[in-house]
Amino acid sequence: MYRYFVVFICFFLVSLRCFSQHQLPAKTDHILPTNLGEANWQPLFQVELPSGKPRLKKNELLNLDFSFAFTPTAHQRIESPEIVSSEWVSFKSQFKPFASPIKSSWKSVKPAQYALNVQSDIRHFSIRQGLPTGAVYSVQQDVDDMIWLGTNGEGACQYTGNYLRCLTDQDGLNNNRVWDIAKHVNGELWLATDRGVNVFDGNVVSALQIDGALYTPKVNDILFDDDTTYLASDEGLYLAKYGSLSRLKIGNSLKINQLLKGPEQSIWLATDIGLFQYRESKLYKVELPEPSCQGPILAMASAQNTVWLGIKGTGVCQVDWSSKQIAFLSGLLMPNIQTLAYDQNAAALWIGDDSKGVIRMTGNSAHTLNSANGLNDHHIRDIMLGSQGNVWIATYGGGVNRLKEHSFQLLTKRNGLLNERVSALANINERLWIGQYGTGFQVLYNNQWFNSIYDFSDQYVHAISISENESVWVGTRAGLIVIGNNGYQRVDRQMGLDADIVHRIIASQDGCMYLATQSGVIRACEGAFEKLVLPDMAYVVSVFEDTSKRLWFVTNGQGIYYLERGTLFHITEAQGLPSNWVYSIAQMLDGFVALGTRRGVLLLKKDINGWRSRHVSVSDGLSNNIILSLLVQGDVIWAGTERGINRFKPQAMFGSNSSSKPQQYTYDNGYIAVDSTLNTALLFKGSYYWGSGKGVSYFKPESVKINVNSQVNLLRVSASQSGTPRPKFKDIEHLTHPLIDLPATTFQIRFQYGHSEWGNPERIMYQTRLIGSNEYWSDPSYDDEMTFTQLSPGNYEFQVRISTQDKTADYEYFSFVIQPPWWQTWWAFSLGLLFVIGAIYSLLKLRFEFIQKQQRISDRAEFSEALLARKKQLLAEVSHEIRTPLSVLKMQIEALEYNLVENTEQTYELLHRRIGDISTLLQT
């Protein structure tokens, strides 16, 4: 038996050793390449190739999301504003709180839905996700980054994470149609409704009253200026300050649509009869000389001394107040402008129209967003620039849309791309060349599409590069095409090219062009084509030259080769490569060469002992192990996979005290084109371009938001009571109270919580713990509620925090006490103790009485026995005393009877004396 056990152990160790040879290598290791000797280049053929920049021609393809005809008209001088006769009429005002705190509770809703197959990261939140209505008039973000929506008929809805609640007239609103939501510096929200103004402080809704009556005019906009609040209504301008509400009275009623802080510490009024300005307690009418700017003004936006006006029926006018000039922005066909917003950081003007969607204007170009390219409705009501870099767009029929600004974007057929399966990218003369699978190549320059002046039959493009003489080399599925200024040359098998598919082309520092093909490596030096002789036929997918002038060739199935000073080296799995299938290669500034393999990224750095290696794979946090493309940005590596791209810093990951992991960008968090194509990563004009099966994804790496808002919001705490067939949860009010008492009948307590991360909500996970029951944090989870059942009486503190891939945040807590049942209270214990003491006392008392009784019985028995013994003794003594005289008497009587005595009388005297003695004895 012992012998079989030893054999089994040996077999297990051998199997483990064999298995370990096929596992991914350790984080750090040394690789010693195989020296194949001097490289041997086999001549193929000589051909004269064209040179010079290729000539291109514009095509008729249009980018449907851009307008290029946008130009301002000639500026016209604005005359000095005229004073309008007006006066203030004051009323005594107050805010009366509603009778009770809000009753609306949080309800679970579905996550915002992605806009599919569009060029931007857009998400929709509408009736389908749980919003009670699709008509949203305004959007606001509170101090906790929660989103508030002013709706048509459903009140003001608060949205966070996957929860929603709506404040209505049941909670104290004057009216359920909310036109505007304004955020005060103290955190309060002011709600402009069809019937006056409400203020929400987080717990209670208050209503504005004047002279004891409800203020009921329809309010269109609210503006805060220090300690003064301005209200724009259909009846004119109101001013609230220090418990007083004043109305600006003019000759005719003035319908004010919007208020804006303008230059020179003024307040600008957009009205149905034009532009007004309020400054230094006076109202001015600003006459606009441009005819297209004369009409009802529905929206305004400002930046320093510039104000944009949305004119009903015409478009946008730009006012430069420093020079007192105005111009109409022609080319923007938006006749029903409802809202304007200006992004200071991006110098972009956002325009929302009731029929055309949204236009984002930068410089002299405009980008259009509507129902055709991402929005779920083109009837725009409001645009808000959120605190996290997101743009919120309120629509009249589709709810609200969240656009992630400065994020991943996508070039598709809508933007003029002929084919969305992109197989090659190149920066040639500051123009973006895009190779496609089946439709050749296109060139994008200044938002205009170009093509070659020549027609090619080879439409499957895999590689594009430029040579020293400025000719463009195009690798296709049927060989090579070299395009110059005066013509082009096709190089294929008929000319002697020993390959069909050309996957990659680079221009080397030695003046030659190197081609990675399905049959090996080919180079062309001044028209002379040669093939590198390798030990076996190799399918080469990429070629690369590092800063040390090494030429690298990565293959599918045979590892990698590299040329160093004319010597050829080979590295495979046998030498420590994670996989013989290698797809991509790049180099970092610190000298590391990054290899994208089928089993992750391998980093190599040369030293005296060979190559030091470091390996990064799915186990380290990559979204996928198959690395199809690589880009390097300083000390950062971007790795494109079949499941998104990954960003990581090798030095941070391999540090001794670091827990850093790759940052994943997948479909879940905004990266739409997740299926990267082979070696189509390009840095172009400060942006990264990535080819995919859905078009060209592009983004600015410094603008991609990595950190998330880790603030957690404890939304709702509810409890159910036992003793009913179907326990129902009832909300617990006053969540901010330091300690909440819950009755002993509490059966379940449920906590619901959410987040305010709107850019990457899929990265949010929660951890919880219940102090008093378990001191350890739970594993990160996407669950946004936690229920505890039948907790024992005691003190508890529920804690919840947000956990992301990189860090954990501060926790939010709720403290509560579950009261014990009456039989576990102190007074119940006291009564019970008294009862026990009384019972013990009673038992002891009964015992003592019983013992006393038994003792008395015992004493009586002993006394009776003693008395009986005494009686017997007495009787014995008495009988002895009586028996002796009687015997004497008997003898005397017998003596008398038989005349035996001589003296009879003396005998009778003796008898009488004895009888007396006996009588005396009996009497005693």
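**Entry 1: ground rules.** I am working from a predicted model. I kept that in mind throughout, since every value here is computed from predicted coordinates.

**Entry 2: the sheet.** I looked up the strand order and found an open sheet of four strands, β62-β63-β64-β65, with antiparallel pairing. Which strands stand at the edges? They are β62 (627–633) and β65 (663–665). Each has a single partner strand, so one side of each is left without a neighbour in the sheet. From one strand to the next, I noted an average twist of 20°. A reminder to myself: strands of a sheet pair through backbone hydrogen bonds, either parallel or antiparallel.

Next I checked how β62 is held to β63 (residues 636–641). The two strands run antiparallel and are joined by six bridges.

**Entry 3: disulfide count.** How many disulfides are there? Taking cysteine sulfur atoms within 2.5 Å as the cut-off, I get three. With the bonded cysteines numbered in sequence order, the pairing reads 1-2, 3-4, 5-6.

**Entry 4: C157 and C166.** These two are joined by a disulfide, with 2.0 Å from S to S. I read 100° about the S-S bond, a right-handed link. Buried or exposed, I asked of C157? C157 has a relative accessible area of 0%, so I logged C157 as buried. C166 comes out at 15%, and because buried means under 20%, C166 is buried too.

**Entry 5: C293 and C317.** The sulfur atoms of this disulfide are 1.9 Å apart. The torsion about the S-S bond is -105°, and I wrote the link down as left-handed. Where do the two cysteines sit? C293 is in the loop between β29 (282–286) and β30 (297–303), while C317 is in strand β32 (residues 315–320). They are 24 residues apart, and the pair links distant parts of the chain. On accessibility, C293 counts as buried at 1%, and C317 is buried at 0%.

**Entry 6: C512 and C525.** Here I found the sulfur atoms 1.8 Å apart, in a disulfide. The torsion about the S-S bond is about 115°, so I have this disulfide down as right-handed. The pair links distant parts of the chain, 13 residues apart: C512 is in the loop between β50 (502–507) and β51 (513–517), and C525 is in strand β52 (residues 520–525). I also looked up C512 for burial, and with a relative accessible area of 7% C512 is buried.

Entry 7: For background, most residues other than glycine have a negative phi.

E526 is not a glycine, yet has a positive phi of about 50°. I placed E526 in the loop between β52 and β53 (528–532). E526 is exposed, with a relative accessible area of 78%.

K549 is the other entry, a residue other than glycine with phi near 65°. I found K549 in the loop between β54 (540–545) and β55 (551–555). Why did I log K549 as exposed? Because exposed means over 50%, and K549 has 55% relative accessibility.

Key. Residues numbered from 1 in each chain as written. Predicted model: local features only at pLDDT ≥ 70, side-chain atom pairs only at ≥ 80, totals over all residues. Heavy atoms only, no water. Pairing = 2+ DSSP bridges. Axes fitted to C-alpha atoms, helices over the stretch in contact; angles between N-to-C directions. Buried < 20%, exposed > 50% of the residue type's maximum accessible area, 1.4 Å probe, protein only.
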